[in-house]
Amino acid sequence: MASSKGQNTIAACFQAAKRVRVDAGVNAARISSGDPGAELSGDEVASDSKKPKILAAVGAEASKDDSAGINADKREDESGSGSGEGERETAVASDEEGSQLNKEQKMRMELNKAIARAKRNLKTCEERVAQASGEGSFPDFKDLLVEPTWLTSLEEEFSKSYMSKLHSFVQQEANGAKPIYPPPALVFNAFNTCPFDKVKVVIIGQDPYHGPRQAMGLSFSVPHGVKVPSSLVNIFKEIRDDVGCPVPSHGNLEKWAQQGVLLLNAVLTVRQASPNSHAKKGWENFTDAAIRAVQQLKPGTIFLLWGNSAQDKARLIDASKHHILKAAHPSGLSAHKGFFKCRHFSKTNELLEKAGELPIDWQL
């Protein structure tokens, strides 16, 4: 049984996750209402013989997103009611109608569906964290990765010995004198917000921010109301100079993740005020497996590798099947050594549109 201090830590983390979810819910409601100022807001895996199983699961989940059920869910979540009138609305445009939408309308439609899907996944995580907290324990990792397309792709990793040892370590850390970040419901936020079948771009970070309320499970991202870290400020400056987007007043990158940008840290947890404290405990094996899954089953993915740590992951990627863009890390110490003027954001959209994909709206 965990100590009372550990229970308090998990409960506090759970409350922090709820605050992030409120941010997302408010923003989604503004989008639904048409508010023009609304934001649209961080071992081998599958062998060739397992590809049909993974792709079938991906296809099934994608089909689910295009069903009337998920759109009715979204309308109910965002309006606060599940009126019969709303349920009678046509959920998804037919192929004929879809072909008549312009690029911006298609992007908005896809983003609204992604917001609903991410909200549903986060709600499930929070419920499971609440149950585990009531039992005085840290949730099983498999209970926190709720996005079916990723769970299918990475299922075998959860049965490996390194994951068991990693969970024991994280459980012990959660019961320690200092809290760990991000909150339990956000540990796998990168996967739960950006489904496997939607991944178009991968941005690799190192480990989560180690200050209170900073980490939200997405590399480089911080929740609304938290001071924007210097690395992210430099990313925003490069986006401004590259594609003309004004520097935003916040650092919440959920909107990128919801458009297919996998914001993946190599390490998914950290102890407060102790950077890299959870490195080399097993997380790197898991996130490497995720990168391998993308490189095996998602040809044409664009990998943005900033800094030596991220660029080390190039060894996992077949450059003949994917696009690898490298630059210096955006930190204040190195941004002037090759990150500024790298133009990765316009290059990414050029590659996407050349492949017939919708571009990323980098504006937050």
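H9 spans residues 161-174 and H13 residues 283-297, and the two pack at an angle of about 125° with their axes 9 Å apart; the axes are lines fitted to C-alpha atoms over the stretch in contact, and angles run from 0 to 180 degrees between N-to-C directions. This is a predicted model, in which local features need pLDDT of at least 70 and side-chain atom pairs count only at pLDDT 80 or more, while totals for chains, interfaces and linings use all residues. Residues are numbered from 1 along each chain as its sequence is written, and side-chain values use heavy atoms, with hydrogens and water left out.

Next, show the side chains of Tyr162, Met163, Leu166 and Val170 on H9, and of Trp283, Asn285 and Phe286 on H13, which make the contact (heavy atoms within 4.5 Å).

Zoom out to the whole protein, which has 15 helices and 6 strands, taken as DSSP runs (H or I of at least four residues for helices, E of at least two for strands) and numbered from the N terminus. Of its 364 residues, 54% count as buried, that is, under 20% relative accessible area with a 1.4 Å probe and protein chains only.

Finally, select Cys194, which is buried with a relative accessible area of 0%, and then Cys342, which also counts as buried, at 7% relative accessibility. The count of disulfides comes to 0, where a disulfide is a pair of cysteine sulfur atoms within 2.5 Å.

Technical notes:
Buried means under 20% relative accessible area, exposed over 50%, partly exposed in between (1.4 Å probe, protein chains only).
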